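Dear colleague,

Please find below the structure that I am handing over to you. My notes on it follow directly after.

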Amino acid sequence: MTDMPIRAVIAPVTPLQQNCTIVWCAKTKKAAVIDPGGEVPRLVKALADQGLTLEKIWITHGHMDHAGGAAELKRVTGVPIEGPHKDDQFWIDRIQESGEMYGMPEARIFTPDRWLEDGDVVTLGETQFEVLHCPGHTPGHVVFFHRETKFAQVGDVLFQGSIGRTDFPLGNHQDLLDAITGKLWPLGDDVRFVPGHGAMSSFGAERRSNPFVSDRAIAASKSADYTAPKNTSPG
Ligand SMILES: [Zn+2]
Ligand SMILES: [Zn+2]
């Protein structure tokens, strides 16, 4: 694995054990923190321990457990916040409120330095990630994809064995299914992904066995007497 252009470590944060990921360009040691939900001092220490220079803060969506520490991480390091898509503004506006609810009073509202759109490219050192707009869990949810290494950070779009909840304001179950099958699956069965919560998996494994979005489940969902399995996912 020594020739890999990027490296990543997962650092679960917040009481919701959200998979914050530190990803970096192996050549330049420039790093991005994806979804710093909280525990900013720990993240700053992890960056220092790896000898990394933080260059970007990337946000998949506006939920507190993913974005609650972004403002503080920017304050401490001075680096820009990129993402999510602007349709998640109303979630970012609620971060402080949800932070108090979950016992994280340090969670702060922010304005991203750059809103992201489907098809955007974000750079990190000498490498780059593609941005896919995948609404459904939240309307402005984005996914970060590194094509060379077939690596994706998908936030709360897809989990090992489940998908994101869609019972929040402006959630939409069909939009989520369309994003997963129409945008993620075409990237390839061999894409490995970090979900917002829980273990890593691959798109191929989920197409085989995910009760919500396996090829078989999607085919069944088109029949008249279909009822979706109950979604008890954490995000
Ligand atoms: Zn989450
Ligand atoms: Zn979420």
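Two strands are taken as paired if DSSP finds at least two bridges between them; strands (E, at least two residues) and helices (H or I, at least four) are DSSP runs numbered from the N terminus. This is a predicted model, in which local features need pLDDT of at least 70 and side-chain atom pairs count only at pLDDT 80 or more, while totals for chains, interfaces and linings use all residues. Residues are numbered from 1 along each chain as its sequence is written, and chains are lettered from A and ligands numbered from 1 in the order in which they are written.

The chain contains 8 helices and 13 strands. Strand β2 (residues 18-25) pairs with β3 in the antiparallel sense over 4 bridges, and W24 stands opposite A31 of β3. In their hairpin, with 4 residues between the strands, K29 adopts a positive phi near 60°.

On β3 (residues 30-34), 4 of the 5 residues are buried (20 or more other C-beta atoms, placed from the backbone, within 10 Å of the residue's own), so the strand is largely enclosed by the rest of the structure. Parallel to β3 runs strand β4 (residues 53-58), joined to it by 5 bridges; A32 has K56 as its bridge partner there.

Elsewhere, an open sheet of 6 strands with mixed pairing has the order β6-β7-β8-β9-β12-β13. Its edges are β6 (121-124) and β13 (201-202), each with a single partner strand, so one side of each lacks a neighbour in the sheet. Within this sheet, β7 (residues 127-133) and β8 (residues 142-146) run antiparallel and share 4 bridges, with L132 partnered by V143.

Notes: A residue is buried if 20 or more other C-beta atoms lie within 10 Å of its own, exposed if 12 or fewer, and partly exposed in between; C-beta atoms are placed from the backbone.
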